[in-house]
Each structure stands twice: as structure tokens, then as C-alpha cells.
Amino acid sequence: MSASTHEEAAVSTSGFEVPPAVHRAAQVLAGVGLGILVAGLAIARERALTSLLTSGFYFLCLGLGGAVFLALMYVANAGWFTVFKRIPEAFAAYVPWGAVTILALLPFVSSLYPWAKPGVMETDHLLHEKAAFLNVPFFAVRMVVMLAVWVGFTWMLRRISLRQDAERSLELAGRNVKVSAVFLVLFSLTFCLAAFDWLMTLEPHWFSTIYALYNIAGLLSSTVCAITVTAILLHRAGALPQLNTSHLHDLGKLMFGFATLWAYLWFSQFLLIWYANIPEETVYFVTRLHGTWAVAFYVNVALNWALPFVLLLPRPAKRNPSHLLRVAAILLVGRWLDLYLMVVPGGQPDGVALGVFELAGFVGMAALFTLAVTRTVRSTPMVPVGDPYLVESLHHHT
Amino acid sequence: MSAPVLIGYFDNEAQVLDATRAVREAGFVLHDVYTPYAVHGLDDAMGLKPSRLTWVCFGAGLLGCTLALSLQYYTSVVSWPLNVGGKPFNSFPAFIPVTFELTVLFAALATVAAFLARAKLFPGSRRSVLPRVTDDRFAIAVAPREAPSELDAAEDLMRRHGAVATDLLEEVAS
């Protein structure tokens, strides 16, 4: 094609200079947010810990989601996403940071998880039966192993991709596929365990086998939104001129699809528990349909599915960057509310309490995530010139 | 209609895209473009308006959704209320799976049916097929706006864009 030579000439091989003001603001917000959380550990320990868990897990999922997105695309031999693949790669670079935020929970396990509270094993027969699994040393070992697997694989995926830039060999593209395939299997196993361990055991009497899959749907939905937002912002800042309407259209379709997958799994969990009506299962929804939690419960479905579904239904909606930004914002807020609804009601059944600690946790972690992403974007060429799918991606047309 | 139609045959996708755009921009009436498979970007090149099939899909989905909910409401609340596991007769969550299935079924079937009807693909429909356009050839059909003599210029234009053969047909079904 005659146009390709022009486009390739326009491909920049340097990183994007993120405005220093953005970097500075992120540093300040990260400092303030995390400072308030640390202070909160002394003043209102439970609130600070649930906020740390909710927002820490939220952004760790975005980082991990970046790697999962890459792995899915590699395994499917997809070529459309290559032009913006440095964005999920930059997300993946956050995983070590996110791992630290989750590890920060370890000293406080006994304040956060009912099964770890001193003396509870003697009085609670059900928990006593689960003691072989639910004990602090084993919990810590599982956490460290899972985080190590994620840090290792995200590091490998990024390293291969950066080596491609320099070496431009097809052999590396093949290695991407192999590493991704192994990662996807390990990810699905470890992530299920993480969702059970870190979130579900907050209410250790209750259990739901679809819980992990439902969390994966949330992870995918929010990751696609974050990728879309970052891609549009970078495009507007002039760093990603190759991003075209067709790329946005496909990202919009993925947002629509994953939001609907989330709704499908969310409802599958709800319907079976509602239908069977077994007290040890319904307790989860009884708490969440009581008082102000009920409002959050319905708002959650609206934000994560109903609104995005309607707003993304028409074709032009998925091709309009401003519209996609709005819908992505709705879904990103929705994902946080979804996690908040998983983490908090168990220990705080009286009702929703949103305040400075929740805000500080979210803003602090968001700033930390922004720092990790902008740092990576700055030091890495924006367009992966060594990827064999680059030309296909530049000409992507839906 | 009996106005003659000029057919230009092409060997590859890139040429047919260029030629389609050129023919349209030169002001000729683009009758249709025939390709062996869906060509990305051809809608744009032909200047087609967005498909109206989406509205059929949306309307039928809405209809399926409404019918499913009303049928379940009528059977389990009005016509023959049954106590199932102590649940209320009007148990909305229990209606959702059937509603989802019927919405999808209605939307899908109606969309395919509307497409077949619009493309006149049904038993008894007689359509002439241009040679090899279902195999390995691409064809552009151009109708004259006023005088048939315009078609000479169109033929020239398509030849310049790589047409391997041209043909004048008296009539092509639309």
C-alpha cells in the first residue's frame, strides 16, 4: 500500500514526554493519599484497611489486566492492537508497585479478616474446620507466591516486547505467544485464588464458586476502559497519532462485551443464590439489600452494565472518543463500587460510609498508578517498531 | 428499467477500492459493487449510508424482551399462579433467563430475515450473477446519469484504475 511509507516515517521511536505538571501532581496526590491512609491505620483502622484493600486491589487488577489483555491478544494472533500495545505494557509495569500495596496488608491480617481475629477459631466451629486453609502463615505464603508469579510474567512479557524493538526477530513474536499461553493458565488459577483469599474470606462463612470468574469479568471490563482512556488522552496529547477510529470502535466493542459479561456473571451468582434460598449463601445478599447498601447494590448494576449497555449500543457511539471517555468513566467508577460492595458490607453491615479514607485510598492509588504508567511511557518508545503486526495495526479498518 | 449498465472487472481488493472511490468522485452513478467476500472500507468508498438493519435488530430485541416478560407474567401470576419454593408469583429474577434468550432469538432471527428480504434472497427470486464475482473477481457496476455515452468515460476511468475487463449489460437487477 502506498500510504504505509508515510505512516512508518511518522512513527516516533522515542518515549512521550508527560507534562511535568502531571507528574508533580501525581507525586503530591500519591503522598497525600497514602499519608492519610497511614494516619487512618491509627485513627480508624478498619476503614483504612478496607480502603487499602479495595483501591489496592482495584489498581493491581488494572496492572494485571494490562498483561492479561496482551496475553489474550498474543495467543489469538491479533494484529489490530499493536499500535497501542505500549499502553497495556505500561499498565503491566505497575504490577510490582501494586504487589507492594497488597503486601502492605500482611501485618494487619488479624484486623481485617474475621478468621484471623484472635480467639475466633475456638468459638467458631465452621472456621475451625477451615483452619487448615485459613491461617495467617499459609495465607501469607499464598499471597507472596501469587504476587511473585504475576510480577515475573508481566516482567517477561514487557522484556520480550522491548527486545523486539531492537532485534526485530520473528522468533520473539513466537516466544510472546508461548509465554502468554503459560501466563493465561497460571493467571486464571492464581487470580481465582486471590479473589477467594483476599476478598471472599472477608466473610469466611459465605462462599460462591462463580466469585472469581465474576471478578475476572470486572478486571477485563475495567482494564479495557483504562486502556481506552489512556489511548484517547495520549492521542489528544499528540503521542499516539496512529490511533484511528477503527481501533476505538474495537475497544468500544470490548467495553460493551465485557460489561455484558460482567452482568451475566453477576446475575448468575445472584440468581442461583436467590433461587436456592439457603441461609448460609443468602446472608451475603441480605446484608447488601439492607438499608443504604441496597442503593449501592442497584447503582452498581446501573454503572457496570445498564448504562454502558444502552450508551454503547449504537455504532457511532463506539467510534466517538468523547463519548467513549464518558462511558469508560462510568465503568471505572462502577468497578470501584463493585469492589467496595465485595469488601466492606461484611464488616460494616449498618450502611454505606464514604468519606475521607475511601477517597484518600482511591486517589492515592490512582496517583501511584499514574506515576508508574507515566514513568514507563516516558522511557519506552510509544510505537513498537519491531512487532511484525505493526503494519497490520496501522491499517486496521473495521 | 432498461438503461445499460457498465461492468468493470478487477483482480484485487486494493484496485476495486480505489476504482470505486474514483468512479463515485467523478460523478457517475454507482449501481453496485460485487465482491467474493466482505471488503473492509468498501462502505466508505461507495459512500453508503449506515445500515438500517440495526434498527430492525433493536426493535425485534425490544419486542422479544417485552413478549417474554408479559408471557411469563401472564402465565405465572394471572393465568395459573403456582407456589414455587415460597417465592412470590411475580418473581422478576426468575424471568430473566427466558427474557434474555427470547430477546436474543427475536433480534437474531429478525435481523437475518430482514437482510434476506432486503437483498431479495428468497426462493423464487431470480437474480443474474456476474461471472466469477463469487469466486475470485471484483466487479463495479456503473449506471449512466443521463446519456449512455457517459459510460465511455467511466470505462476509461476504470481501465486506468486496473480493470482487467469491462462489459456492457442491458439490465442488472438491483
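Here is a short chat about a predicted model, covering a sheet in chain B and a helix pair in chain A.

Guide: Residues count from 1 along each chain as its sequence is written, and chains are lettered from A in the order in which they are written. Local features need pLDDT of at least 70, side-chain atom pairs count only at pLDDT 80 or more, and side-chain values use heavy atoms, with hydrogens and water left out.

Visitor: In what order do the four strands of the open sheet in chain B run?
Guide: Strands are DSSP runs of E, at least two residues, and helices are runs of H or I, at least four, numbered from the N terminus. Two strands pair if DSSP finds at least two bridges between them. In chain B the pairing is antiparallel, and the order is 2-3-1-4.

Visitor: Which residue is the bridge partner of B:Ile7 in strand 3 of chain B?
Guide: Strand 1 (residues 5-10) and strand 3 (residues 138-143) of chain B pair in the antiparallel sense over five bridges. For B:Ile7, the partner in strand 3 of chain B is B:Ala141.

Visitor: Are helix 10 and helix 11 of chain A roughly parallel or roughly perpendicular to each other?
Guide: Axes are lines fitted to C-alpha atoms, for helices over the stretch in contact (heavy atoms within 4.5 Å), and angles run from 0 to 180 degrees between N-to-C directions. Helix 10 (residues 170-199) and helix 11 (residues 211-236) of chain A pack at about 105°, axes 9 Å apart. Under 35 degrees counts as roughly parallel, over 145 as roughly antiparallel, 65 to 115 as roughly perpendicular and the rest as oblique. So these two helices of chain A, helix 10 and helix 11, are roughly perpendicular.

Visitor: Which residues of helix 11 of chain A make the contact?
Guide: On the helix 10 side of chain A, the contact includes A:Phe187 and A:Phe191. Helix 11 of chain A brings A:Tyr211, A:Ala212, A:Asn215, A:Ile216 and A:Leu219.
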